[in-house]
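Hi everyone, thanks for making the time this morning. I'd like to walk you through a structure, and please have it open on your screens as I talk.

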Amino acid sequence: MVPLDSEDYLIRIRGGLSLDGILRKTDEKGIKDGFSDAMKDLMKKVNSQSFVLFGWESSLYIWPKSGFNTQPTELQANSSCKSLVKLIPIEVNDYLKKISKKKSVKVEPLKVINLELLFELTRPDVIETVTVHNDQKSRIHFKLTLPVDVVIFAHPDDQWIKTQEKIVEAVSEQLLGMDQCIQKYTKGKNVPIPQAFHFELPESTILTTAIYPAGYKEKDLEPQRKELHDKLGLGDKPYLRRPMSYDFPNDDLLNKYVKTVHKYIPIPSTEEFEVYVVHGSYTFHHYLQDDINDSGWGCAYRSLQTIISWFNCQGYIDIPIPTHETIQKMLVTAGDKGPSIVGSTDWIGSFEIRSILNLLGITSKIISIRSGSEFALSARELVQHFEVQGTPVMVGGEPLAHTLLGVAWNEETGAVKFLILDAHYSGEDDWANIVERAIDWKDEDFWDQMEPYNICLPQRPQGI
Amino acid sequence: MGRSYVIGEYSEKYLKKLKAEERYGTTGILLGQVTLAKTYIVFAARTPLKDQAELPPENPNEMNASDIEWVSEHARQVARMLPGGILVLGVFLIRPSKMTKEEAHDIFRKLATAVEAAVAKERLWNFTEDETAERIVLQVYTDSKKMKVQAYDLHNPQTPIKLLECKSSSLTAPWQIVEATINVDVNIPVPVTAERQFDKESLKGLNNWAKQIMQCSYLINGQFKEPESLLGEGSKKKATAEVQFLTAPVMIIDGEVDALIEDCGSSVVVKGTVRCRAYLHGSKSKVKDAIQALKRDVLNTVFIRCQMVFEDQVLNKNVGSLFSRIACKVTCVIDERLELSQLSAVAN
């Protein structure tokens, strides 16, 4: 995973590169070859004097091949990457700095430098006479704008010259990958647009990019994901589903809800515990959010919203987060409740959660615990759940519901800790407040020792 | 706001000379530059007489449709040779003052409109909304010292015709020049249904390329400059600024899923390097005007080269695959153009 306290810059290079050509052959192979040739020409252009990088919202234009740039006093041959951030405004989530250092892990908000890809139309490597040529054998015109999106990491002290070279290499590499995508997925005259997605992987501190064809459903791309999983040794939990792609700082800033908050707090000591937490991302839903006053009755609804967000984030479903009323209507549809529930402030529990998830094609297991004092006895089962399923869990008790995101277990002593995301939080949706008050590792005495609990364990669908 | 017209010394002298030679009935075109507030008439050129006649027609008051067409064709041919920044502004007439006002206005409006239409055929670009659509007819009276300028708003025929003062000026201040050497590589598919496989209609395919050029970003002498800043600002007294053009960021359309694959009957490929130039009057030109003038020159240069190829083909009656080479080396283009520095030298 990209470290939360990384000093590195993330340099993101984007642009629409045009493939435009004329073919004489009209069959699938002719088309594929045509694109391949066009891609080779494009790669030559990227490695030529006419390839230009432009800093977003700056006056900096850079020619990687010749070393020329428009601000040579500030960015010189031996400058380090640090010089770039003086010339280009960075993309960063400054709100993360407000998280209390007492409670959180060390956080150094990631700095992203955004560059655009351009070609110079006026610096020809070769001056040619103008020719106007008519080809009577032309049969097909193709045109495709490649949405190039490349990321590389660079340390502030890295030499800019070296980084520049890395950028050109990385862009060339992505073009190759995009050509492979076109070759693989072109059928007849249908050529899908290759799209780049960036993912965090468990054993890597940088992002991994995969190229997928546009217009395909997630399940139809499973064979490609399986290949990648095998190549990267990724096991059978999903990492490369497109909705799981990395959120850059502006994505986080534009998102209404706060995502995956548990990553900001430290886990219990691994010398004492084995720690298992939810896999992937989710958004945090809680009391009073979205101007709905559900204080005192809505906690299970909120927990369900968080669970549904998990299935959205991992790309198993794609629905808007349902409101309380929508949830109630779904219960009526499922036959669980009468119509009078709609618009009411009735509580719901694990069984209702299961019904609604059923409607969405998601199955769940329910564990019933007789009393809070026996919670620890279910430790093994919860460990297994997070290890295999990795989904958020709803713990329903009378009268409170909580979202459980992980367990820390000492098999020898039987001691257990619980990662609780508090649906009763009623503050603002900002990182500092949420980390301070809404997420915590709790001890066994957190549960009401006398009360029974029903735990809903949503099952992750098969496949990656 | 009134637009003021300024006539350069050279043009004024030229017109007086024609009048002195008693070339009544002579018609010609006016060339110059339109800026935000003023229009500068830089050059006047007499339209050659039809059928190689020696003298203008007997009754110079009449001007029929074929005369109008003749002048328009002259304007069109001259427009091809103009560098960036210089336009055909209208026509001049050397006439005795015997036409009635109504007759005159009717003919003049037709003339101004026809000339503009002919010249517009050579363009891949359009004027922006804030650019004036005024074109002029300059009357040189044979029996008075006056020169009467009438301006017609071609977009709004109902607008009253303006009678203007034409100030004369020496226009010898050096012009600012911007230049660029641009790579062209355009594929134009010709639809299967096209009547003739290789004709002027094919050139419509240049429109996408033209749009790209008009939107691309630029650097002047290797530096980024704000569009509203002055062209001459901050640089040494260099007369010529070198411009670099960079492809505009391409909008990636949300929801677009496949590449465009379309059938065509044949294709036209335009490829090569073209040298372009634009002139800006005075020292107060803004960067955005200079860039616009230069970009339009890029479009003009390429478009006209292509057109000449087609016309060439028609004359030579070539059939089938045509490979035509037009040499456009760096100096060659400049030779074909009216050199304004040469003009002002003549004026002095």
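Let me start with a cut-off: a disulfide here is a pair of cysteine sulfur atoms within 2.5 Å. With that in hand, a search of the whole structure, over all chains, turns up 0 disulfides. Please keep in mind that this is a predicted model, and the values I quote are computed.

So what about individual cysteines? Take C216 of chain B. How far is its sulfur from the closest cysteine sulfur? The answer is 11 Å, and the partner in question is C276(B), so the pair is too far apart for a bond. C216(B) is also buried, at a relative accessible area of 3%. Over in chain A, C81(A) has 0% relative accessibility and therefore counts as buried.

While we are on chain B, here is the overall picture. The chain has 7 helices and 14 strands. It runs to 348 residues, and 51% of them count as buried. For contacts in chain B with a separation of 6 or more, 78% are between residues 24 or more positions apart. The accessible surface of chain B is about 17,600 Å², and carbon and sulfur atoms account for 53% of that.

Now please turn to chain A for a helix pair. Two packed helices are described by the angle between their axes and the distance between the axes. Helix α6 of chain A covers residues 299–313 and helix α8 of chain A covers residues 350–359; they pack at about 35 degrees, with the axes 11 Å apart. The crossing of α6(A) past α8(A) is right-handed. Which residues of α6(A) meet α8(A)? From α6(A) we have A300(A), L304(A), I307(A) and I308(A), and from α8(A) they meet I353(A), I356(A) and L357(A). By class, this contact has 7 nonpolar residues, with no polar and no charged ones.

My last stop is a lysine, K263(A). You'll find K263(A) in the loop between α5 (249–254) and β9 (274–277) of chain A. Is K263(A) buried, exposed or in between? With a relative accessible area of 38%, K263(A) is partly exposed, because the in-between class starts where buried ends, at 20%, and exposed means over 50%. Leaving aside neighbours within four places in sequence, K263(A) is in contact with L4(A) and V105(A). As for S104(A), its C-alpha atom is separated from that of K263(A) by 8.9 Å, with the two residues 159 apart along the chain.

That's my tour, and I'm happy to take questions.

Conventions: Residues are numbered from 1 along each chain as its sequence is written. Chains are lettered from A and ligands numbered from 1 in the order in which they are written. This is a predicted model: local features need pLDDT of at least 70, side-chain atom pairs count only at pLDDT 80 or more; totals for chains, interfaces and linings use all residues. Side-chain values use heavy atoms; hydrogens and water are left out. Helices (H or I, at least four residues) and strands (E, at least two) are DSSP runs, numbered from the N terminus. Buried means under 20% relative accessible area, exposed over 50%, partly exposed in between (1.4 Å probe, protein chains only). Contact means heavy atoms within 4.5 Å. Accessible areas come from the Shrake-Rupley method with a 1.4 Å probe; for residues, only the protein chains shown count as cover. Axes are lines fitted to C-alpha atoms, for helices over the stretch in contact, and angles run from 0 to 180 degrees between N-to-C directions. A crossing is left-handed if the near helix is turned anticlockwise from the far one by less than a right angle, and right-handed if clockwise. Ala, Val, Leu, Ile, Met, Phe, Trp, Tyr, Cys and Pro count as nonpolar, Asp, Glu, Lys and Arg as charged, and the others, Gly among them, as polar.
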